Structures are given as C-alpha cells and as structure tokens.
Amino acid sequence: MTDESSQAETTEVLFDGRPSTRPTVAAAVTVTLLTLGIMVWLFVDGEAVVGDTSQTLAGVIGVLGSLVLLRLLGRLYALTRTSYYVTPTEIRRERAFLFSRSSREVPVSRIRGVKMTQSPFQRLFGYGSVA
C-alpha cells in the first residue's frame, strides 16, 4: 500500500517552470525612475510651479514611491518562490514564503478549457497569461 506523497514523487513531470518576473521588474524600474525624476524636478524647478511646498511634495512622493516599490519587491520575492508543475494527472502550484509552504493541485479531469492572452507588450518581453 503506497501513500499519495510517494505516488506524487514517482509521477512523471511533463513541465516545470516559474512565473515570469519581467513585468514586476519593469514596473519596479519604472516606479523608481518616475519617483526619482519627479523628486529631482520638484527640488530643482518645483518652486516655480507649486511654490514653497515643493520640498514637502517631493517628500510625500518619495514616501509613496518607496511604498509602491516595497510592494513590488515583495511580489518579486513571491514570484521567485513559486513553481508550477504539469504531470499527466494534475497541474500543481507550489509556493514557499519565509517559513510557510503551500501547494495546490488541480486534476486534469477538472480542466474544461485553456485561454492564453498576450498583449503586444507581453509578446515583446516574452510572457503572457494562461487561464
């Protein structure tokens, strides 16, 4: 009598992969450049446009940009700790985050259809969405 874990280990893996980090990296670079650009503009030439509050506004934009960047870095970490496996009987997603691990399996028999979408931008960078 064998248990499920030993059966899962002996099942042939047809595909294993990780989600693309390219969109998240591109968003992080964009947020960083925009935040820094706006802050520099406000410090250098901002008083002519917004008056005496340009330094305060630059600080607020810096804090907001930093929060968005931290969120994107957290997403990047989560993406690098996620794996997908396709076997003849199931599709499995495994995640590891700090001290926890999770796994979700979907039997192939439950899959009714597959939809893939890819915008021109996604085609340019080599990624897309599968649902």
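## Thr-11 and its surroundings

Setting aside neighbours within four places in sequence, Thr-11 is in contact with Thr-87, Pro-88 and Thr-89, where contact means heavy atoms within 4.5 Å. Thr-11 lies in the loop between α1 and β1. Helices here are DSSP runs of H or I with at least four residues, strands are runs of E with at least two, and both are numbered from the N terminus. With a relative accessible area of 25%, Thr-11 is partly exposed. On this scale buried means under 20% relative accessible area, exposed means over 50%, and partly exposed lies in between, using a 1.4 Å probe and protein chains only. Thr-11 and Pro-120 are 109 residues apart in sequence, and their C-alpha atoms are 37 Å apart in space.

## Model and confidence

This is a predicted model, in which local features need pLDDT of at least 70 and side-chain atom pairs count only at pLDDT 80 or more, while totals for chains, interfaces and linings use all residues. Residues are numbered from 1 along each chain as its sequence is written, and side-chain values use heavy atoms, with hydrogens and water left out.

The pLDDT is the predictor's confidence in each residue, from 0 to 100. Its mean over the protein is 86, and 92% of the residues reach 70 or more.

## Overall form

The protein contains four helices and six strands. From the N terminus on, the elements follow the order α-β-α-α-β-β-β-β-α-β. The radius of gyration is 22 Å, well over the 14 Å that the globule rule gives for 131 residues, so the protein is more spread out than a compact globule. This radius is taken over C-alpha atoms, and the globule rule is 2.2 Å times the number of residues to the power 0.38.

Along its principal axes, the C-alpha trace spans about 75 × 35 × 20 Å. Of the 131 residues, 18% are buried. Among contacts between residues at least 6 apart in sequence, 42% join residues at least 24 apart.

## The four-stranded sheet

An open sheet is formed by four strands in the order β1-β2-β3-β4, with antiparallel pairing. The edge strands, each pairing on one side only, are β1 (15-17) and β4 (100-107). On average, neighbouring strands of this sheet are turned by 10° against each other, direction ignored. The angle comes from axes that are lines fitted to C-alpha atoms (for helices, over the stretch in contact), and angles run from 0 to 180 degrees between N-to-C directions. Two strands count as paired if DSSP finds at least two bridges between them. Strands of a sheet pair through backbone hydrogen bonds, either parallel or antiparallel.

Three antiparallel bridges join β1 to β2 (residues 82-86), and Asp-16 stands opposite Tyr-85 in β2. Between β2 and β3 there are five bridges, again antiparallel; Ser-83 has Glu-94 in β3 as its bridge partner. These two strands form a hairpin with three residues between them. β3 (residues 90-97) and β4 pair over eight antiparallel bridges. The hairpin of β3 and β4 has two residues between the strands, and Leu-98 takes a positive phi near 55° there.

Side chains of opposite charge can pair when their charged atoms come close. A salt bridge is a side-chain nitrogen of Lys or Arg within 4 Å of a carboxyl oxygen of Asp or Glu, and by this rule the count is two. Arg-92 forms one with Glu-90, the closest N and O atoms being 2.9 Å apart, and another with Glu-94, where the closest N and O atoms are also 2.9 Å apart.

Arg-92 counts as buried at 11% relative accessibility, and Glu-90 is buried at 18%. Glu-94 is partly exposed, with a relative accessible area of 29%. Across the strand pair, Arg-92 stands opposite Glu-105 in β4, and Glu-90 stands opposite Pro-107 in β4.

## Thr-24 in helix α2

Thr-24 is found in helix α2 (residues 22-50). Its relative accessibility is 5%, so Thr-24 counts as buried. Leaving aside neighbours within four places in sequence, Thr-24 is in contact with Leu-72, Arg-75, Leu-76 and Leu-79.
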